[in-house]
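Biologist: Can you walk me through a few packing details in this one? I'll ask as I go.

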There are 2 protein chains.
Amino acid sequence: MPIDNRAARVRDQIEMLASVSEHHQYVQRTFCSLAAKLANDMVSGWMHAAGLKTRVDNMANLRGVLPGNNPQGRVFVMGSHLDTVIDAGKYDGPLGVLLAIDQAARLEAGSLPFDLEVIGFSDEEGVRYHSSYLGSSVVAGCFDQEQLSLKDAKGVSMQQAVEKFGGDVTKLSKDQIPKDKFLGYFEAHIEQGPVLEEKNIPVGVVQTINSQERVEIKVQGVPGHAGTTPMMIRKDALAGAALMIAEVEQLAQKDHENMVATVGKVDVFPGASNVIPGNVNFTLDLRSPNYERLSTFSKKLQQIFSGITQKRGLTYSWNLIKTNKSTPCDDQLTQILSEAISQAGYPVQALTSGAGHDAVAISNLGPVALMFIRCKNGISHHPDEFVATEDIGAAIKVCDVFFDKLSQQMQ
Amino acid sequence: MPIDNRAARVRDQIEMLASVSEHHQYVQRTFCSLAAKLANDMVSGWMHAAGLKTRVDNMANLRGVLPGNNPQGRVFVMGSHLDTVIDAGKYDGPLGVLLAIDQAARLEAGSLPFDLEVIGFSDEEGVRYHSSYLGSSVVAGCFDQEQLSLKDAKGVSMQQAVEKFGGDVTKLSKDQIPKDKFLGYFEAHIEQGPVLEEKNIPVGVVQTINSQERVEIKVQGVPGHAGTTPMMIRKDALAGAALMIAEVEQLAQKDHENMVATVGKVDVFPGASNVIPGNVNFTLDLRSPNYERLSTFSKKLQQIFSGITQKRGLTYSWNLIKTNKSTPCDDQLTQILSEAISQAGYPVQALTSGAGHDAVAISNLGPVALMFIRCKNGISHHPDEFVATEDIGAAIKVCDVFFDKLSQQMQ
């Protein structure tokens, strides 16, 4: 089938999949929801049509295998996630799964020197249980069993959700790909950033997935009456927090190595217009391609926060929620990907990934490669998220060359 | 009765009244609630025992009259409010009503050259309908009838609430005290601030109730992915708002004329740890004894806000919710009050009131005077609110002299 037709098919599948949602006004497919089941059903049909042998594993991952020419051969995985954020775009996740199915449809069973497994991961975004990579961490054998007792907003535990979906939590380890059987992982994903668009290039090759630190800051002052407490004796937690938030931005702007730092959520207590805030909690999201720079930044910020709060008679706590070192993509796979991009006729643009991806979890098994696809205005996690069908075609072209090269080298 | 005994009686009444609440765990008496009815019943009993002729008017105000020696005489009002905030203290409001009843009990019917009316206002805090002075504005004839259609959190309109309480909204104008009959108003209230405690003085005389401006600020930027949007191209509404909030404090600290400025409530959208905030709304509460200084401050702040937002590619709006000019207390009544404080043996400490009081609404009728009573650590609107029984005694001593002097001067 000509590449244009394949790109149009992927685009149409993207549109159909976007109609599967928990919400009638926008796209939302969270872990083990009814929408997730319907999405697995729909995509499973496409996998079947592409010649894949499909199953849903115990962690709600949709998996399809195209057997290779060697029954003792290893397995190469291509995939991405089928879950979404709330009020999501259509491409973040699904595009990578559909491009993998498109490859499987092109390749024939028994044609490859390895098994090709296509996976639609059940949870990368972490919306329902505030913990991401649920699907891929089971496949990679690094899932933390304690998470099964986490509860969603309605009080449903992860174990209950998994069981209702048809999974058996006692058999999660059987869904791991054994390390000695694992050959590698390739993921295609929208860039979620502006670089490819600025450079006018349809695809890019990711070198590193940034290290990340998520922190919750709690600032404590003394509440008081907004009308009767003189300025000079206030211990206003928000006035202090405002300076701290301003410093986060300033310090990140001084780093010229792609450090990003974001305060996305702020809660002010008691939160009345006529009461001086006694407590402020805010989140901090720090990312850098370089984990050591991130750690240095984090320490520097703690010093600044201590200075601001001490001077004002406030106290604060720094609660580390999560830390991920940076994930380097595999040299050899990335080299094959770069050659494929070049051979397909595009400039080879190296990128770092600011967002985390299933490749982070899968890197626990072995080598991973990640390709980014240009998206309009860099917008993601929003209904305006858009990838031109031409760029889907470009990605298909690169994938074709990538698998042909991979197959040659593995023989 | 000795002053100590009278102070102990007021203290005991304060404790009894605090047991009348809408909530079993804390004090809460909002406008026209069942608790408000029970409180009116309880206080009405005390009024009756003090020789007052009582009634509940059409706006749920509890009113008791001690007739003077002249049937054509004017009316002098002493009172405060019986409603409370949520999780309130025991003294804010009730203390002023109970001190007024204590005066009535001391004075005999026909002994004064004017009628003394004691009022327990039904709503000063504005908790239920987010509009304050509901009770006192009816008495003062400045109640805005359109407010009757306001709805509470459960969808009950003010008119419905008033009618359920037994009021007739078509007769509110009959509950106004005619201006030509009004002689003056005296209110005793806790300070809700730290000055009297710092100076170690039990009572103070208020010169002015501060002017106030309440504003809602909306800052608009562009949301984005926290991991993939470089620092330099962000339009982070929160990073801008943080600088604006910091400036509010700095500018107020530069004013050495008792200006206070508070940001008490902040809402960040979308409010997720991994999304750059696209919108931030925050409240602004500005107060000053001097309305012109307040206006200048407000204009200066708008200039600063414009500078910050323009520089960052953000926009903002300044939505004025409410503005009150300052309310000067009456020279003559305040003079009498100062002499009474001095004669009772205390230093005369002049204060401004940062909080609004029923006296603000009543000043529409004519002269008002306001006395503050020391409260522990300046804490108010909190269960820890506390006034020593000794200080209640001091206030009683001052009230005794105040009414004796007033009565002499009016003869």
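Biologist: What does T327(B) touch, not counting residues up to four places away in sequence?

Modeller: T327(B) touches Q207(B), T208(B), I209(B), A359(B), V360(B) and S363(B), leaving out residues up to four places away in sequence. Contact here means heavy atoms within 4.5 Å. Bear in mind that this is a predicted model, where local features need pLDDT of at least 70, side-chain atom pairs count only at pLDDT 80 or more, and totals for chains, interfaces and linings use all residues. Residues are numbered from 1 along each chain as its sequence is written, chains are lettered from A and ligands numbered from 1 in the order in which they are written, and side-chain values use heavy atoms, with hydrogens and water left out.

Biologist: Is T327(B) buried or exposed?

Modeller: T327(B) is buried, at a relative accessible area of 7%. Buried means under 20%, exposed over 50%, and partly exposed in between, using a 1.4 Å probe and protein chains only.

Biologist: And which strand is T327(B) found in?

Modeller: Strand β14 of chain B, residues 327-328. Strands are DSSP runs of E with at least two residues, helices are runs of H or I with at least four, and both are numbered from the N terminus.

Biologist: Switching to chain A. How do α7(A) and α8(A) cross?

Modeller: Helix α7 (residues 237-254) and helix α8 (residues 291-311) of chain A have axes that come within 10 Å and cross at roughly 150°. Therefore α7(A) is roughly antiparallel to α8(A). The cut-offs are under 35 degrees for roughly parallel, over 145 for roughly antiparallel, 65 to 115 for roughly perpendicular, and oblique for the rest. Axes are lines fitted to C-alpha atoms, for helices over the stretch in contact, and angles run from 0 to 180 degrees between N-to-C directions.

Biologist: Which residues make that contact?

Modeller: From α7(A), G240(A), L243(A), M244(A), E247(A), V248(A), L251(A) and A252(A); from α8(A), F297(A), K300(A), L301(A), I304(A), F305(A), I308(A) and T309(A). By class there are 10 nonpolar, two polar and two charged residues. Ala, Val, Leu, Ile, Met, Phe, Trp, Tyr, Cys and Pro count as nonpolar, Asp, Glu, Lys and Arg as charged, and the others, Gly among them, as polar.

Biologist: What is E247(A) in contact with, leaving aside neighbours within four places in sequence?

Modeller: L301(A), I304(A) and I308(A). E247(A) is partly exposed, with a relative accessible area of 25%.

Biologist: OK, chain B. What angle do α3(B) and α11(B) pack at?

Modeller: About 50°, with the axes of α3 (residues 94-106) and α11 (residues 389-410) 10 Å apart. That angle makes α3(B) oblique to α11(B). The contact involves L95(B), L99(B), D102(B), Q103(B) and R106(B) of α3(B), and I392(B), A395(B), I396(B), C399(B), D400(B), F403(B) and D404(B) of α11(B). Those residues divide into seven nonpolar, one polar and four charged.

Biologist: Last topic. How many residues does the largest nonpolar core have?

Modeller: The largest nonpolar core has 62 residues, and those with the most contacts inside it are F282(A), L284(A), F282(B) and L284(B). Such a core is a set of buried Ala, Val, Leu, Ile, Met, Phe, Trp, Tyr and Cys residues joined through side-chain atoms within 4.5 Å.

Biologist: What does L284(B) touch, not counting residues up to four places away in sequence?

Modeller: Its contacts include V215(B), I217(B), V248(B), L301(B), F305(B) and W318(B).
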